[in-house]
Amino acid sequence: MNSDLQKLIDLQQVDSRIAVVKAEVAALPKQVQLIEAKLAGSKAQVETAQAAIKADDSSRRKYESEIQDQQQRISKYRDQSLGVKTNPEYKALLHEIEFAEAAIRKLEDKILEIMVAADTRKDALKHAEAALKADTAANEKEKEHARQQTAEDEQLLAELTAQRKDLRAGIAEDTLQHYDRLLKHRGSALAAVQENQMCGGCSVMLRPQPFQVLINGEELVTCDSCQRILYYIAPPPKLEDEAGKKATAVPEAPPQQEAVES
Ligand SMILES: [Zn+2]
């Protein structure tokens, strides 16, 4: 094989691994962001549950103080009723007392509602706190994993970059320029050609003469259509001489020559 070709094949492999690792490194901060957002959500749920309990407490205190006000009003009316001279005046005071008592019953109902809901509120807080605890632990673990992954990726990236440099040092400059251009514009610089004589990059058929040059492997051959540097992959050795079991097995791809003959 042409000496540059094997290096180019290796270089493309190294370059595509570099691209994968770089993409992984780029994705990690986003992953950490997602982890942080989840934790913030759990914290907010705890805060909401705490705020609901606090709001209930303050409502309850407010209702209790209103009950006291009404009770004071009632005892004031009772005192007044001792000194009234006329029946309508007395009835009016009784009416006021009934009104205040009804207000107290309503307030007591509201307090009872809060007390009934208190258990649910407490459960919700306990739930939210447990979820927060679990998420905090998971958060630390996942962040540690992200840190490790980043360190590993950076190490790998340094190794691959060194390999890349070594490989490039051994390849002719104009070939490298061609390679870089293709990699930039087409995403890959090399394409495989198999027995079907088709460019693996753009699927255009090779003419017989360049295909022969490609099989000989002495010179670099590029695809007329997509300009990719081509390398030949020989068909796997036929299994006819092996045990009958293997020979009767369904082949992965139909042999090209038989298709042409029939
Ligand atoms: Zn092509």
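Seven residues of domain 1 touch ten residues of domain 2, where being in contact means that two C-beta atoms, placed from the backbone, lie within 7 Å. On the domain 1 side, α1 brings the largest share, six residues.

A word on what is being looked at. This is a predicted model, in which local features need pLDDT of at least 70 and side-chain atom pairs count only at pLDDT 80 or more, while totals for chains, interfaces and linings use all residues. Residues are numbered from 1 along each chain as its sequence is written.

Now for the core. The largest nonpolar core holds 19 residues, and L8, L190, A191, V193, C199, I229 and L230 have the most contacts inside it. A nonpolar core here is a set of buried Ala, Val, Leu, Ile, Met, Phe, Trp, Tyr and Cys residues joined through C-beta atoms within 7 Å. Buried means that 20 or more other C-beta atoms lie within 10 Å of the residue's own; with 12 or fewer a residue is exposed, and in between it is partly exposed. At least two residues of this core come from each of α1 (3-83), α3 (173-186), β1 (190-193) and β3 (229-232). These labels follow DSSP runs numbered from the N terminus, with helices (H or I) of at least four residues and strands (E) of at least two. The top contributor is α1, with four residues. Domain 1 and domain 2 both give residues to this core, so it lies between them. As for L230, its contacts beyond four places in sequence are A191, V193, C199, L214, V221, T222 and C223.

Next comes the helix α1. Its 81 residues should span 120 Å at 1.5 Å a residue, and its end C-alpha atoms are 122 Å apart, which agrees; the expected span is 1.5 Å times one less than the number of residues. There is a kink of about 30° at L28, shortly before the proline P29, the bend being the angle between axes fitted to the seven residues ending at a position and the seven starting there. The buried residues of α1 are L5, K7, L8, L11, Q12, V14, D15, S42 and Y63. Their cover includes α2 (87-169), α3, β1 and β3.

R164 lies in helix α2 and is partly exposed, with 16 other C-beta atoms within 10 Å. Although R164 and Q12 are 152 residues apart in sequence, their C-alpha atoms are 9.1 Å apart in space. Residues up to four places away aside, R164 touches L11, V14, D15 and I18.

The helix α3 has 14 residues that should span 20 Å at 1.5 Å a residue, and its end C-alpha atoms are 20 Å apart, which agrees. After α3 comes G187, with a positive phi near 85°.

Q197, in the loop between β1 and α4 (208-216), has a positive phi of about 65° although it is not a glycine. Q197 is partly exposed, with 17 C-beta neighbours inside 10 Å. Q194 is found in the loop between β1 and α4 as well, and its contacts beyond four places in sequence are I233 and P235. Q194 and A234, 40 residues apart in sequence, have C-alpha atoms 6.4 Å apart. In the loop between β2 (221-222) and β3 sits D224, which is partly exposed, with 13 other C-beta atoms within 10 Å. D224 and S65 are 159 residues apart in sequence and 92 Å apart in space, C-alpha to C-alpha. Q227 lies in the loop between β2 and β3 too, and its phi is positive, about 70°, although Q227 is not a glycine.

How values were computed. Domain bounds come from an automatic or database domain assignment.
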